[in-house]
Every structure is written in C-alpha cells, then in structure tokens.
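Here are my notes on the model you passed along. Have it open in a viewer while you read.

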Amino acid sequence: MVDVEGYSAPTRTLPHQLDTRAGMYAVVAEALAAAGVPMQACWHGDAGDGVVVLVPPEYPKAPLLEVLPEALVRAVRGHNSTSPTAARARLRLAVHAGEVAFDDHGATSPTMVAAFRLLDAAPVREALTGSPGVLAMIVSGLVFDEVVRNSTTLDPATFRPVEVTVKSFHDRAWIALPDHPYQADPTVLTPRPPDTPAPETAPAGHAATDPSAGPDTHARYDGPGPRGVHIAGDVHGSGSGITIGAATGDHLTIGTPPPSAQQPHNPR
C-alpha cells in the first residue's frame, strides 16, 4: 500500500491532485516492474490519495523489500523533477502478506485491514515528516521476520521497531527510510524484556538511543513449528491510503503458536 503525504493540502488544486495521482500510479508501476512484478498481473484498488496492490503468490516477496523501495524513490524523484511544487509527492509505503478474499465488490480480509492500519500509523507518518527523503516504509512483523531478517541485501539493523495502535488494531511493526536510512544499530534486533516500552523512532540518519530496543519477547517465537502472528482488529472500511500490499497467498496464522515440545530428560 502507498499513500501520498499531504494530498489534501490547500496548495493542491484539483489539477494538482490529478497530476499527483497520475504520477503515483506511474511510479508504482515502474517500481513494481523493477521488482519483477508487472502491474497488470496484480489486483489494485484506488484509494483517492493512495493505491492498494495485491501481488499474486507466484511472485516472491523478497524483491518487494529489496528492490521496490529504492526503485520507488528513483521514480518519485523523477516525477517531482518534472512537476510543479504542488503536484510533487512524498510517499508512505506499507508491506504485509497474508490471505485475501474477493467478492463482487472487491477484496477484503483481516490482512488488508492490518495493512491499512500500518499505513495510517502515527510512527510512519512522523518518520516521513522527519526525513528529508521522499519515502518512509513500514513492514509488518511477519514480513520483517520472514523477509528482512533473512535478506542478503537488506540490513535489518537499519529498521526501527514500533508499536502500532490504530483503532482496535495493535501490533509490532518495523520502519525504514530507504533513501535516508537510519544508522545501523544491531541492538534493535536484540529481544527486550517483557513490558519494556519500544524506543521512539529516531530522526533520519540517527540510531535509536535505547540500547535495549528490539522485538518484545512476547511477540516472538523462535522454537520449532509454525510461527504465530497476533493481529487484533475488526474488519470494516479500509479507509483512504495507498499501499503496496505483498498479498502473496502465504498462510497467516492468527493467534498464539503452540509452545515447543518438551525435550526428554537426560540424566547424563
């Protein structure tokens, strides 16, 4: 999902908004193509000042994190270089994965609701406001654990953990600034003691100052078996926003994973 910052600003007249929307669709299509995903292969929904893109499961998630953000930055800068000030854009990007259902009216699921909540979260809005760049990205805990932590090209230590609370939704997510990354700080990847508040997102180019920052031990399960992801939130209107959602058809487990099996006692 992608959303344009300040789309309804008084300086944007209707012609400016139309120019911005056209640019938004063009840059999203360009970035998807760079990641090996044709726009025409995806389902997408218009959100006025944003767009939702559902990527089919045959396309891997990794390029959506490793390639797409930087390609989106380049495309946005290209759009801005040829547009009047009031039609220029800065974007928020949310990436999540899971199951999606379709009906006669479009697409919906708890996964999509969660992605919209991530896109609308105060921490990612504040991250973009405090950045000199054109893009702030927020990814779900599921995507961070499965893709970012296992990437050979991304540095997970340049992401920052945040607690997202929007309406009835609450979950751990991770923020990155692709064109003005946070300073690498491996301490953010270290599990924190339970009930320790998450660190505030640091300004662009600076590391979070809390040395104990990192995933809450209640939110992680590193034992054998399936990994559970807790998502709380009711399913109702998706609201406005433009999000590139990596809805890949991977199964999303809602709830708490079972505890690891007890190992037999070895008296030796």
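The points below go from confidence to strands, cores and charged pairs.

1. **What we're looking at.** This is a predicted model, in which local features need pLDDT of at least 70 and side-chain atom pairs count only at pLDDT 80 or more, while totals for chains, interfaces and linings use all residues. Residues are numbered from 1 along each chain as its sequence is written, and side-chain values use heavy atoms, with hydrogens and water left out.

2. **Confidence.** The protein chain has a mean pLDDT of 79, and 71% of its residues reach 70 or more; pLDDT is the predictor's confidence in each residue, from 0 to 100. The stretch to watch is residues 202-268, where pLDDT stays under 50. The model still has 194 contacts beyond four places in sequence for that stretch, a contact being heavy atoms within 4.5 Å. Where pLDDT is low, the predicted coordinates should not be read in detail.

3. **Overall make-up.** The protein chain has six helices and ten strands. These are DSSP runs numbered from the N terminus: H or I and at least four residues for helices, E and at least two for strands. Of the 268 residues, 50% count as buried, where buried means under 20% relative accessible area, exposed means over 50%, and partly exposed is in between (1.4 Å probe, protein chains only). Among contacts with a separation of 6 or more, 73% are between residues 24 or more positions apart.

4. **Strand β4.** Where do the side chains of β4 point? Leu-91, Leu-93 and Val-95 go one way and Arg-92 and Ala-94 the other. In a regular strand the side chains alternate between the two faces of the sheet. Both sets are buried here, and five of the five residues in β4 (residues 91-95) are covered in that sense.

5. **Its partners.** Two strands pair if DSSP finds at least two bridges between them. β1 (residues 2-4) runs antiparallel to β4, with three bridges, and Val-4 sits opposite Leu-91. The pairing of β4 with β7 (residues 135-140) is parallel, over five bridges, with Val-95 opposite Val-139.

6. **Nonpolar cores.** A nonpolar core here is a set of buried Ala, Val, Leu, Ile, Met, Phe, Trp, Tyr and Cys residues joined through side-chain atoms within 4.5 Å. The largest one has 43 residues, and those touching the most other members are Val-28, Leu-65, Leu-72, Leu-91 and Val-139. Helix α3 (residues 68-81) contributes the most to this core, six residues. Another core lies apart from it, with 25 residues including Leu-119, Val-124, Ala-127 and Phe-169.

7. **Leu-91 up close.** Which residues is Leu-91 in contact with, leaving aside its neighbours within four places in sequence? The list is Val-2, Asp-3, Val-4, Val-27, Leu-72, Val-76, Leu-128, Val-134, Leu-135 and Ala-136.

8. **Salt bridges.** Searching the whole structure turns up eight salt bridges, each a side-chain nitrogen of Lys or Arg within 4 Å of a carboxyl oxygen of Asp or Glu. One of them joins Asp-179 to Arg-77, with the closest N and O atoms 3.6 Å apart. This pair links distant parts of the chain, 102 residues apart: Asp-179 is in the loop between β9 (169-176) and β10 (243-245), and Arg-77 is in helix α3. Asp-179 counts as buried because its relative accessible area is 15%, whereas Arg-77 is partly exposed at 45%.

9. Arg-125 and Asp-120 form a salt bridge with the closest N and O atoms 2.4 Å apart. Arg-125 is partly exposed at 36% relative accessibility, and Asp-120 is partly exposed at 36%. In the Arg-172 and Glu-163 bridge, the closest N and O atoms are 2.4 Å apart. Arg-172 is buried at 6%, while Glu-163 is partly exposed at 29%.

10. Val-53, in strand β3 (residues 50-54), is buried with a relative accessible area of 0%. Its C-alpha atom is 9.9 Å from that of Ala-29, 24 residues away along the chain. Asp-145 belongs to helix α6 (residues 141-148) and is buried at 14%.
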